[in-house]
Amino acid sequence: MLLAYCSDYSPVIKDLHDIRDKIEEYTREEHLPVSRIDDRKVVIGFDTEEWTRFHHVWLRDHCRCPQCFHPVTKQRLFNTFDISPDIKPVKVESKPAGLEVLWPSSLPHTSLYPWSWLKQHTYDPALPQYKHPLSEKILWGSRIQQAPPTVTYEEVMSGDDSGLYKWLSNVDKFGFSFVTGVPPTAEATEELATRIAFIRETQYGKFWEFTSDLAKGDTAYTTFALGAHTDNTYFTDPCGLQLFHLLSHIDGSGGQTLLVDGFYVASLLKELRPSAYDFLSRVSVPAHAAGQPGSLYTAKGYPVLSHGEGGELTQVRWNNDDRSTMSHLNVAEVEEWYDAIRVWNKHLTSPDSEYWVQLAPGTAVVVDNHRVLHGRSAFDGKRRMCGAYIGADEYRSKLAVLKERFEEKEGRDAGIVHDGRDVSGRSVWSPKL
């Protein structure tokens with residue numbers, strides 16, 4: 001108090017104020033969320049403006065101690081159906097490591113939930129600012145030709161997997177990526193494909209090498225032009241990735257490859273003709289593959305545009321050549337159907353949307369078959385192509401593992417306890433589990 005009246009001590013006062021500010025800042029950093037037990041839920045206040053609640057039964061079900069959740073297999077051990085619907089904690093306490101909950105039991109059981117994990121999984125209400133962010137999608141049109149996503153074969157085949165991660169990250173962002181410097185052989189191309197995952201076998205075989213001899217009952221085995229389309233519209237689970245590599249083209253010309261970003265075209269449709277976008281998001285389109293005597297694939301149909309939670313576009317299915325009879329439309333929908341696909345096709349075939357590229361031996365391309373449509377121009381001469389399908393789940397699994405390895409280092413998510421980590425380094429509190 002005396003110092004406040006002495007101007008000679010003003011430097012000391014300033015130092016005291018600085019110390020007080022630092023103490024207040026430290027106190028704020030160490031401030032723990034408020035927690036209390038309600039009738040059916042635990043209430044948590046992360047600060048004065050951020051409150052959320054978790055049902056008692058939900059918290060008990062999500063205990064991840066070693067007795068309830070296997071630390072290595074990452075599988076639930078506790079029987080969900082042993083939880084009483086009226087379960088209520090004996091006590092909750094906010095600890096620096098997370099929310100500690102004591103459950104009623106003949107053998108006392110305590111659960112600890114990291115604060116960051118709780119924030120990522122809020123639902124009552126949801127706190128979207130803490131949710132695990134969706135991967136960035138970069139939409140593109142014809143101008144992508146100025147700088148298409150590309151990696152080298154040497155990078156992809158490198159033993160440290162950094163080039164593989166770069167390749168799959170390109171596909172995740174852009175929906176496709178070139179690989180240059182690939183030896184122009186089927187063997188090298190197959191090895192490239194299996195860097196991602198095992199090859200998915202279909203009626204066309206496993207790893208395929210083909211020319212325009214109609215060896216399979218599909219127009220891909222001809223010299224005809226193919227409009228922009230996705231493959232396997234007649235499957236319940238279309239392939240995730242498709243890899244192409246032109247091995248040779250002799251005594252002829254043509255055969256340019258066409259790539260179109262279906263997400264980009266869908267964004268145009270949503271902006272310019274929202275009614276057509278809505279129609280193609282809800283009306284099923286049946287499809288078939290019937291050119292092979294030994295196989296007949298039919299699908300009752302899925303919408304051209306599919307969406308996930310939150311309404312984000314997740315998949316484009318479009319192959320007008322494989323489309324089956326549209327006899328399931330009601331009378332009022334017939335003209336609306338043709339109007340919607342005319343507008344869709346207009347944007348799909350616009351010069352602004354189409355990226356044409358002449359592939360050459362040594363350059364492979366992989367496309368996300370759930371997003372990017374592909375096609376080709378007509379050609380003559382003998383053209384040898386090879387390639388493969390990779391399942392969507394296998395591709396996403398590989399990308400997730402590489403993200404863990406290269407981005408989600410130890411301690412990246414402050415506040416997550418690591419007691420549940422096994423030798424792989426994957427925590428039981430990973431936001432993906």
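This is a predicted model: local features need pLDDT of at least 70, side-chain atom pairs count only at pLDDT 80 or more; totals for chains, interfaces and linings use all residues.

Mentor: Let's start with the charges. Arginine 317 places its charged end over the ring of tyrosine 302, 3.9 Å from the ring's centre. There's another case at phenylalanine 379: the charged end of arginine 383 sits over that ring, 5.0 Å from its centre.

Now for rings against rings. Searching the whole structure turns up 21 aromatic pairs. One of them is tryptophan 58 with tyrosine 123, a tilted pair with 5.5 Å centre to centre and 50° between the planes. Those two link distant parts of the chain, 65 residues apart: tryptophan 58 belongs to helix α2 (residues 56-61), while tyrosine 123 is in the loop between α3 (115-120) and β7 (150-152). Tyrosine 123 has a relative accessible area of 32%, so it counts as partly exposed. Both residues also belong to one aromatic cluster, made up of Phe54, Trp58, Tyr113, Trp117, Tyr123 and Trp429.

Next, look at phenylalanine 176. Its ring and that of tyrosine 355 have centres 6.1 Å apart and planes at 50°, so this pair is tilted. Phenylalanine 176 lies in strand β8 (residues 176-180) and tyrosine 355 in strand β17 (residues 354-357), so the pair ties together parts that are 179 residues apart in sequence.

How values were computed: Residues are numbered from 1 along each chain as its sequence is written. Side-chain values use heavy atoms; hydrogens and water are left out. Rings of Phe, Tyr and Trp (its six-membered ring) pair if their centres lie within 6.5 Å; planes under 30 degrees apart count as stacked, over 60 as edge-to-face and the rest as tilted. Helices (H or I, at least four residues) and strands (E, at least two) are DSSP runs, numbered from the N terminus. Buried means under 20% relative accessible area, exposed over 50%, partly exposed in between (1.4 Å probe, protein chains only). A charge sits over a ring if NZ of Lys or CZ of Arg is within 6 Å of the ring centre and within 35 degrees of the ring normal.
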